[in-house]
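I opened this structure for a first look and kept short notes. The entries follow the order in which I looked things up.

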Amino acid sequence: MKKLQLKIGITVLICVMVLMVAVGFGTVRIEPANIFAIFGHKLFALELPSEISDNIASIFWTMRLPRAIAAFLVGAALAVTGTVMQSVLRNPLASSYTLGVSSGASLGVALMVVFGISLPFIGNFSLPMIGFVFGLGTVLLAMAMAMQLDKNLENQTIILIGMVLSLFVSSMLTILIVLSKEHMEQIIFWQMGSFSAIKWSHVQVLLMIIIPGILFLMYFAQEMDIMTFGEEQAISVGIDMRRMKIILITASALLTGTAVAFVGIIGFIDLIAPHVVRKIYGASHRIVVPMSALFGGAFMTLADMVSRTIISPSELPIGAVTTLIGAPFFAYVYFSKRGVKRHA
Amino acid sequence: MKRNLKQYVAVLLILMFAFTACTSPSTSPSTTEQTETTANTEASTNTQEQPSAQDTEEATESDETTDTDRAGNPITLPDNIERVISFAPSMTQVIEELGFLDKLVAVDTQSPKYVDGVDGLPQFNMMTPDIEALAALEPDVMFVSGMSLAKGDNPFEQLVELGICVIMIPSSTSIEGVKEDNQFIADVMGASAKGQEINQKMQERIDAIAAIGTTIEDKKTVMFEIAALPNIYSFGQETFLHEMIELIGANNAFADEESWISVSEEAAVAKNPDVILTNVSYIEDSVGEILARTGWENVKAVQEKNVYYIDNGKSSLSNHHIVEALEEMAKAVYPDEYSALSE
C-alpha cells in the first residue's frame with residue numbers, strides 16, 4: 001500500500017510538472033518565474049515585470065493556459081471513459097469511439113458545416129453542441145437497437161451494433177463530404193482534432209461536465225471491479241448488469257461526446273491509458289479510474305505541447321501526435337512490465 | 001423502429017443524390033487557388049522554358065508551334081484555335097483580357113464567379129472533370145492549372161491520347177512567373193502582342209508602386225492572412241504575395257518561412273504585426289473577426305485598428321489582376337505615402 005501511495009504521489013508530481021512545461025514552451029518560451037508573474041498580474045492585478053510584454057501575457061493567459069487545461073481535461077475524460085468501457089464491455093479494445101461517438105459527432109459537424117447552420121443563442125458553441133448531440137445520439141441509438149435485439153444486453157451485441165452503426169454513419173459522412181467538396185478541408189481538419197481555438201469559455205464548459213462526470217464514474221468503482229470478473233459473478237452479488245451497462249455507457253458517451261465536440265477526434269488515449277494504468281497501479285477501479293484521468297490528462301497535455309512546438313509556427317494535428325508518441329510508449333510499458341502480476 | 005430508420009435513410013440518400021444532380025459542387029475560391037499555388041512551387045523555376053514570342057503580329061491563326069507547356073510537357077499546338085476550354089479562373093481572366101471569351105466552349109465551376117459572360121458555358125469541376133463530356137466538346141486547346149493535378153495522377157492523359165492539346169500552366173509563385181503565364185497564354189492564342197501589352201501595363205503599375213515603396217523607411221511589419229482562425233494560413237518567401245508586401249515597402253511577418261504556411265495563433269500574436277491584411281472571404285466580416293479576437297488586444301495592428309481586407313480574387317488568382325491587389329495593399333498599409341496613386 002505504501003508503494004501505491006508513492007506511485008500516486010509521483011504521478012501527481014509528474015502531472016504538475018507536465019502542466020508547467022506545457023505552458024512554458026511554445027512559439028515564445030516563458031520562464032517559470034514569469035509564469036508566476038503573469039498569474040500575479042492576472043489574478044491580483046500586480047504589475048508585470050518589464051521584460052514581459054503585454055502580448056506574451058496574452059499568449060500565456062488567453063491561449064496557452066486554457067489550452068493546456070483543456071488538453072488535460074479532455075485527456076482525462078478520454079482515458080477514464082476508455083477504462084470504463086473496457087471494463088464494462090470486458091473487451092480490451094472497446095471505447096466510446098467503438099459505439100459511434102466519433103462518427104456521430106463527425107456527421108453532425110459535417111452537416112452543420114455543409115449547410116451552414118448556426119444555432120440561435122449559443123453562437124460559437126453551435127458546432128460543439130451539434131457534435132455533442134450527434135455523438136451522444138449515435139451511442140444511445142446503438143444502445144436502443146442493442147436492447148431491442150437482445151434483452152440481456154450482451155457485450156457482443158452492444159459492440160457489434162455499435163460498430164455497424166458507426167460504420168453506417170461514417171458512410172453517410174463520406175457521401176456528404178464527396179457531395180460538397182468545398183467543405184472537405186474544414187471537416188477533415190475538424191476530424192484530425194485540435195486544441196488551437198480553445199478559450200476560457202470552452203474550459204468552463206469542459207470543467208463543468210468532465211470533473212463531475214469522472215467523479216460520477218468513480219462512484220461505481222466497486223461495481224466495475226465485480227463486472228470485470230464476468231456477468232455471472234456480478235449477477236450473483238446482486239448487480240443489475242443491464243442497468244449498470246446503460247448507466248456507465250451513457251455516462252461515458254456523455255463525457256467522450258463533450259470532449260470530441262470541442263476538440264475533434266483524438267484517438268489512442270482512450271485505448272492505451274487503461275492498459276498502461278492497470279499495468280502500473282493494478283486493477284482496482286478505485287485507483288485505476290482516477291489514475292487514468294491523471295495519466296490521460298498529462299499525456300494529452302504533453303502531446304498537445306509537441307503538436308504546437310515541433311514544426312512551429314505551424315501545428316501538427318494532435319491526433320497524429322498522440323498515436324506517434326503513444327504507440328512506442330505503449331509497447332514499452334506493455335512489454336517491459338510483462339512479468340509483473342496484476343494485483344486485484 | 002428499425003423499418004422507420006431504414007425508410008428514413010433511404011429517403012435521405014435519394015434526396016442527397018437528387019440534390020447533387022441539380023447543383024454543381026464548387027470549391028471555395030481562396031483555398032482552391034492557394035493550394036494550386038502550393039502544389040507547384042517549381043513552376044517559377046521553369047522560367048527559361050518559356051517560348052520566345054517574336055511574332056508581334058496579332059493573328060488568330062498562329063502557325064508558330066510551342067514545344068512544351070509551362071509544366072514542361074510536350075505539346076503540339078493546332079494551327080487554328082477556335083474552341084478553347086479554360087480550367088482555372090485565373091486563366092479565364094487572362095483569356096477575357098485578351099478578348100477571346102467568345103472562343104471558350106467550357107470552363108471550370110469557379111470561373112463564372114470571376115468572369116462575366118461565361119455562365120452559359122458548360123462547367124466542370126476542376127478536381128474531378130468528366131473526361132468524356134470534355135472530349136465531346138472537341139476543344140482545340142484546353143488550359144489546365146496545377147490544381148487539376150493535385151490528386152496525383154493526370155486526369156487529362158486520356159484527352160491527350162485523343163489528340164487534344166492539353167496545356168498545363170501550374171500557378172506561378174512569383175510576379176515574374178505570373179507575367180510569363182500571361183504571355184504564354186497570349187502566345188498560344190496567337191496574340192503575343194496583346195500579351196506583351198498586358199504585361200507592360202502590369203509592369204508600369206508595379207513600377208509606380210515600387211518607386212514609392214523603395215523610398216519608405218518606416219518598414220511596417222505586415223501579416224497577411226489567407227485563412228482565418230482556427231487554422232490561420234499565411235505565407236513566407238517564394239510567393240507572389242510576399243513579393244508584393246516587399247514591393248510596397250513593408251516587411252512580411254513570416255519572411256523567414258517559405259511558401260504557404262499554417263500559423264498558430266501564438267506565433268501570429270508573438271510576431272506583433274503593425275498591420276494585418278486578410279483576403280478571407282469565406283466568413284462574413286473577416287476584419288471584424290480579427291479585431292474581436294481574444295488575446296489579440298495588445299497586438300499593434302489590432303490595438304490601432306490597422307486590419308484591412310484585400311480583395312480575395314485579385315490577391316489569390318495568379319494573373320495580371322494581382323497589381324490591383326498590390327495597389328489595395330499599398331494604400332491600406334501606407335495610406336499617406338500612396339495617397340497620390342490614381343484610383
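Below are my entries, from the whole of one chain down to single residues, and then to the other chain.

**Entry 1: ground rules.** I am reading a predicted model, in which local features need pLDDT of at least 70, side-chain atom pairs count only at pLDDT 80 or more, and totals for chains, interfaces and linings use all residues. Residues are numbered from 1 along each chain as its sequence is written, while chains are lettered from A and ligands numbered from 1 in the order in which they are written.

**Entry 2: chain B overall.** I looked up the elements of chain B and found 14 helices and 11 strands. Helices (H or I, at least four residues) and strands (E, at least two) are DSSP runs, numbered from the N terminus. Chain B has 343 residues, and 48% of them count as buried. A residue is buried if 20 or more other C-beta atoms lie within 10 Å of its own, exposed if 12 or fewer, and partly exposed in between, with C-beta atoms placed from the backbone. I then checked contacts, where two residues qualify if their C-beta atoms, placed from the backbone, lie within 7 Å. Among contacts in chain B between residues at least 6 apart in sequence, 66% join residues at least 24 apart.

**Entry 3: the five-stranded sheet.** In what order do the 5 strands of this open sheet of chain B stand? I read β3-β2-β1-β4-β5, with parallel pairing. Strands pair if DSSP finds at least two bridges between them. β3 (123-124) and β5 (165-169) of chain B are at the edges with a single partner strand each, so one side of each has no neighbour in the sheet. Strand β1 (residues 84-86) of chain B is joined to β2 (residues 104-108) of chain B by 3 bridges, and the two run parallel. I noted two partners in β2(B): A106(B) for I85(B), and V107(B) for S86(B). β2(B) is largely enclosed by the rest of the structure, because 4 of its 5 residues are buried. I also found α3(B) lying across β1, β2, β4 (141-145) and β5 of chain B, at about 135 degrees to β1(B). For that angle, axes are lines fitted to C-alpha atoms, for helices over the stretch in contact, and angles run from 0 to 180 degrees between N-to-C directions.

**Entry 4: the four-stranded sheet.** A second open sheet in chain B has the order β8-β6-β10-β11, again with parallel pairing. β8 and β11 (307-309) of chain B are its edge strands, each pairing on one side only. I counted 2 bridges between β6(B) and β8 (residues 251-252) of chain B, with N251(B) as the partner of T221(B). Between β6(B) and β10 (residues 275-278) of chain B there are 4 bridges, and M223(B) stands opposite I276(B). β10(B) and β11(B) are joined by 3 bridges, with L277(B) opposite Y308(B).

Is β6(B) buried or exposed on its two faces? Both faces are covered: T221(B), M223(B) and E225(B) are buried on one side, V222(B) and F224(B) on the other.

**Entry 5: helix α8.** I took α8 (residues 192-213) of chain B next: its 22 residues reach 31 Å from first C-alpha to last, close to the 32 Å expected at 1.5 Å a residue. The expected span is 1.5 Å times one less than the number of residues. Which residues of α8(B) are buried? I listed S192(B), G195(B), I198(B), M202(B), I206(B), I209(B) and G213(B). They lie on the same side of α8(B) because they cover an arc of only 125 degrees around the axis. That arc is taken over the directions from the helix axis to the C-beta atoms. An α-helix has 3.6 residues a turn, so residues three or four places apart point the same way. On the other side of α8(B), Q200(B), E204(B), D207(B) and A211(B) are exposed. The buried residues of α8(B) pack against α3 (89-98), α7 (175-188), α9 (240-247) and α14 (322-333) of chain B.

**Entry 6: H321(B).** I found H321(B) in the loop between α13 (312-316) and α14 of chain B. H321(B) counts as buried because it has 21 C-beta neighbours inside 10 Å. Leaving aside neighbours within four places in sequence, H321(B) is in contact with Q93(B) and K314(B).
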